[in-house]
Amino acid sequence: MSLEKTSANKSFGGWTKHYSHHSDVLNCDMRFAIFMPPQTADGQKVPVVYFLSGLTCTDENFIQKAGAQRMAAELGIALVAPDTSPRGDDVADDEAYDLGKGAGFYVNATQAPWNRHYQMYDYVMKELPELVEATFPVTDQRSIFGHSMGGHGALVMALRHPERFKSVSAFSPIGNPVNCPWGEKAFTAYLGEDRSTWEAYDASILMRKATGAVPALVDQGDADNFLEEQLKPETLEAAATASGYPMALNRREGYDHSYYFIASFIDDHLRFHAEHLGV
């Protein structure tokens, strides 16, 4: 699969780069950002931490705003940030910000017209890691984290496939999407009216039933405007308690839903992943 490099910036001794490529899974061209730490300059392979962004974001938001490169360079881990949805003139869209482009919700859509392109679950789980591991000096050791919609995606992927990840974390995740307006709207469109099919993409439901586990870390600001209506961290906490899932949930006083929040605690999350990746 051919890659086109669209930008490159040296950062903390490593390189932040953006690439575009054709995705067979999504049936369109896609972009992703990658930070390669300085340890790879001499051929050393490093583990990868994938970051899934939230509603309206692209591959640029996290890599530009989170301030993650400094700690990733120190720890010797690569960062990969994909886009949040398929893109292109022929890709289905909606006028609202919470459906369509920029709002893929990291599911495999089953309903027309979305199912032609919106297969973000398979893209992040399979196609993108295969491309990254075949192209860059990285190992097959992976962790995953995300923010808001992306926190939902990261938790779901780790819960469904604990064998693929060493750890998972999330900032302000949509913890119970089957019972919040964002999730109900997106899942109805992408997955259909049968709510039983939604449960495969709900972290609280999956965590309550979990038999395998990877260590999990969640940070949630208590000044988040979306806290009560959309995010529902209490459902995640109750699920972890019920199943004994190894999740730590930190409530951060005064913090909101923005990248100011993410940047404040990004080092904690990267150290958490580095510990479980063995670096």
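This is a predicted model: local features need pLDDT of at least 70, side-chain atom pairs count only at pLDDT 80 or more; totals for chains, interfaces and linings use all residues.
View 1. Look for Ser 148 in the loop between strand E6 (138-147) and helix H4. Its phi is near 60°, a positive value in a residue other than glycine. Most residues other than glycine have a negative phi.

**View 2. Ser 172 and its neighbours.** Move on to the loop between strand E7 (168-171) and helix H5 (181-191), where Ser 172 is found. Ser 172 is buried, with a relative accessible area of 0%. Leaving aside residues up to four places away in sequence, Ser 172 touches His 147, Ser 148, Asp 219, Gln 220, Asp 224, Leu 231, His 257 and Phe 261.

View 3. Phe 105 has a positive phi, near 60°, and counts as buried at 0% relative accessibility. At Pro 113, check the peptide bond that comes from Ala 112: it is cis, with omega near 0°. Most peptide bonds are trans.

**View 4. Helix H3 packed against helix H4.** H3 (residues 120-135) and H4 pack at an angle of about 60°, with their axes 11 Å apart. That angle makes H3 oblique to H4. Their crossing is right-handed. From H3 come Met 120, Tyr 121, Val 124 and Met 125, which meet Val 156, Met 157 and Arg 160 in H4. By class, this contact has 6 nonpolar, no polar and 1 charged residues.

**View 5. The buried face of helix H8.** In H8 (residues 233-243), the buried residues are Pro 233, Thr 235, Leu 236, Ala 239 and Ala 240. Seen down the helix axis, they fall within an arc of 155°, so they line one face of H8. Residues three or four places apart in an α-helix point the same way, because there are 3.6 residues a turn. The cover over the buried residues of H8 includes helices H4 (149-160), H6 (203-209) and H7 (227-231), along with strands E8 (216-221) and E9 (247-252). Just after H8, Gly 244 takes a positive phi of about 75°.

**View 6. Asp 42, an exposed loop residue.** Asp 42 sits in the loop between strand E3 (28-36) and strand E4 (46-52). At 63% relative accessibility, Asp 42 counts as exposed. Asp 42 and Pro 137 are 95 residues apart in sequence, yet 9.9 Å apart in space, C-alpha to C-alpha.

Terms used
Residues are numbered from 1 along each chain as its sequence is written. Side-chain values use heavy atoms; hydrogens and water are left out. Buried means under 20% relative accessible area, exposed over 50%, partly exposed in between (1.4 Å probe, protein chains only). Helices (H or I, at least four residues) and strands (E, at least two) are DSSP runs, numbered from the N terminus. The arc is that of the directions from the helix axis to the C-beta atoms. Contact means heavy atoms within 4.5 Å. Axes are lines fitted to C-alpha atoms, for helices over the stretch in contact, and angles run from 0 to 180 degrees between N-to-C directions. Angles under 35 degrees count as roughly parallel, over 145 as roughly antiparallel, 65 to 115 as roughly perpendicular and the rest as oblique. A crossing is left-handed if the near helix is turned anticlockwise from the far one by less than a right angle, and right-handed if clockwise. Ala, Val, Leu, Ile, Met, Phe, Trp, Tyr, Cys and Pro count as nonpolar, Asp, Glu, Lys and Arg as charged, and the others, Gly among them, as polar.
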